[in-house]
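The sequence and the structure come first, and the pairs are then taken in turn.

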Amino acid sequence: MESNHGGGIQQLLAAEHEAQQIVNAARTAKMTRLKQAKDEAETEIAEHKTSTEQGFQRKLEATSGDSGANVKRLEQETDAKIEQLKNEASRISKDIVEMLLKNVTTVNN
């Protein structure tokens with residue numbers, strides 16, 4: 001009976017060893033898959049970042065040309081407004097000087 005009992009123990013030890021190998025293989029496969037998934041995610045993130053950055057740069061370049069035109073237009077409008085104010089000032093400056101002289105030289109009691 002002892003040999004039968006010893007054979008059962010050997011069989012259990014062999015089954016335990018086989019189970020441990022299966023668990024280790026599954027753990028290794030899981031770690032490999034997690035690493036692969038992480039690498040794939042990092043690649044996708046890098047591609048998305050590159051794509052987004054390129055889109056941003058294209059949009060920036062497209063609007064940069066517009067800003068130059070806007071600056072030129074604003075400069076022209078500003079110059080026109082300055083010229084208009086100068087003309088208005090020269091037109092009414094004589095009247096302003098006369099009004100100031102009149103008020104300064106008039107004495108009220």
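## R91 and its partner

In this predicted model, R91 is exposed, its relative accessible area being 55%, and its side chain meets that of E88 in a salt bridge with an N to O distance of 2.5 Å. E88, for its part, is partly exposed, with a relative accessible area of 36%. The two residues, R91 and E88, lie 3 residues apart in helix α1, a spacing of about one turn of the helix.

## The pair E77 and R73

A salt bridge also links E77 with R73, and here the closest N and O atoms are 2.9 Å apart. Both residues belong to helix α1, where a spacing of 4 residues separates them by about one helical turn. E77 is partly exposed at a relative accessible area of 44%, and R73 is likewise partly exposed, with a value of 40%.

## The pair D39 and K35

The side chains of D39 and K35 form a salt bridge as well, with 3.3 Å from N to O. These residues are 4 apart in helix α1, which covers residues 2-105, so about one helical turn separates D39 from K35. K35 is exposed, with a relative accessible area of 53%, whereas D39 is partly exposed at 34%.

## The set as a whole

How many salt bridges does the structure hold? There are 3 salt bridges in the structure. As a general point, side chains of opposite charge can pair when their charged atoms come close.

Methods
Residues are numbered from 1 along each chain as its sequence is written. This is a predicted model: local features need pLDDT of at least 70, side-chain atom pairs count only at pLDDT 80 or more; totals for chains, interfaces and linings use all residues. Side-chain values use heavy atoms; hydrogens and water are left out. A salt bridge is a side-chain nitrogen of Lys or Arg within 4 Å of a carboxyl oxygen of Asp or Glu. Buried means under 20% relative accessible area, exposed over 50%, partly exposed in between (1.4 Å probe, protein chains only).
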